[in-house]
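Please look over the model below before reading the notes.

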Amino acid sequence: MAPRIRTPRSLRDRAGVWIGDYAYALQAERRSARSRPDPVPLEEGTERPVLLIPGVYEKWEYLLPVAQALNEHGHPCFIVPQLQRNSIPIPEAARLAGAVLRERNLADVVIVAHSKGGLIGKHVLAFDDPDGRVAGVVAIASPFQGSTLSRLPLTKPLREFAPGQGSIAVLAAEKVINERIVSIYPYYDTHIPSGSELAGATNIALPLSGHFRVLAEPLVIAEALRAVSAFPPVQP
């Protein structure tokens, strides 16, 4: 069983986590402003291919530290260019991801995703991979049970994470495929108060705090590397 989430005790500590989190997000935004729209240099490699799926309002560059580590270990990394900032509904985003798998003729793929990207990855496993191209999903800080923060007066894409509703409910009913998901998450997630534990999945809770900045944490990167290689191979 995964350890219980440990919330920083003081308001000052919690504020520090939020500040650090958004400092990482700002760095990712700066990277995306400087980069090309496609991670061509990361598409080279002889090991199992990876499809990167970022979270809501994120470009793929949020996942750059993880992608670079994967590529250094021989994994070619691909993106879904049409996602842009990933503000479209989960089913539509999953269809776009499935289309990339077929267009690029990728096989034995692992989806490595952050936040909403993990829900998209699970949707691909359940509904958008008829050829059996995906071996599994490595989800980092993903709201599989939704997020209570969606009850706040937020934008429509964020309200999609309402617990027990919409895509959250549809995906929760798909339990069998959970065994093909590795959920990596911090003890305290600023954006997912109830955590990212997923019944039937491989749950890896780490002694970290935050939502965005965990993507650059060595512990998270090491677990992601391990998980990508550990899935049994599949052939379309």
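1. Leu70 touches Val50, His75, Cys77, Val112, Leu225 and Val228, leaving aside residues up to four places away in sequence. Contact means heavy atoms within 4.5 Å. This is a predicted model, in which local features need pLDDT of at least 70, side-chain atom pairs count only at pLDDT 80 or more, and totals for chains, interfaces and linings use all residues. Residues are numbered from 1 along each chain as its sequence is written, and side-chain values use heavy atoms, with hydrogens and water left out.

2. A second, separate core of 31 residues includes Phe78, Ala97, Leu106 and Ile111. A nonpolar core is a set of buried Ala, Val, Leu, Ile, Met, Phe, Trp, Tyr and Cys residues joined through side-chain atoms within 4.5 Å; buried means under 20% relative accessible area (1.4 Å probe, protein chains only).

3. The largest nonpolar core has 37 residues, and Leu70 is among those with the most contacts inside it, as are Leu52, Val66, Val112, Val138 and Ile184. Its largest share, six residues, comes from α7. Helices (H or I, at least four residues) are DSSP runs, numbered from the N terminus.

4. The axes of α2 and α7, lines fitted to C-alpha atoms over the stretch in contact, come within 10 Å and cross at roughly 50°.

Conventions:
Buried < 20%, exposed > 50% of the residue type's maximum accessible area, 1.4 Å probe, protein only. Helix = DSSP H or I, 4+ residues; strand = E, 2+ residues; numbered from the N terminus. Axes fitted to C-alpha atoms, helices over the stretch in contact; angles between N-to-C directions.
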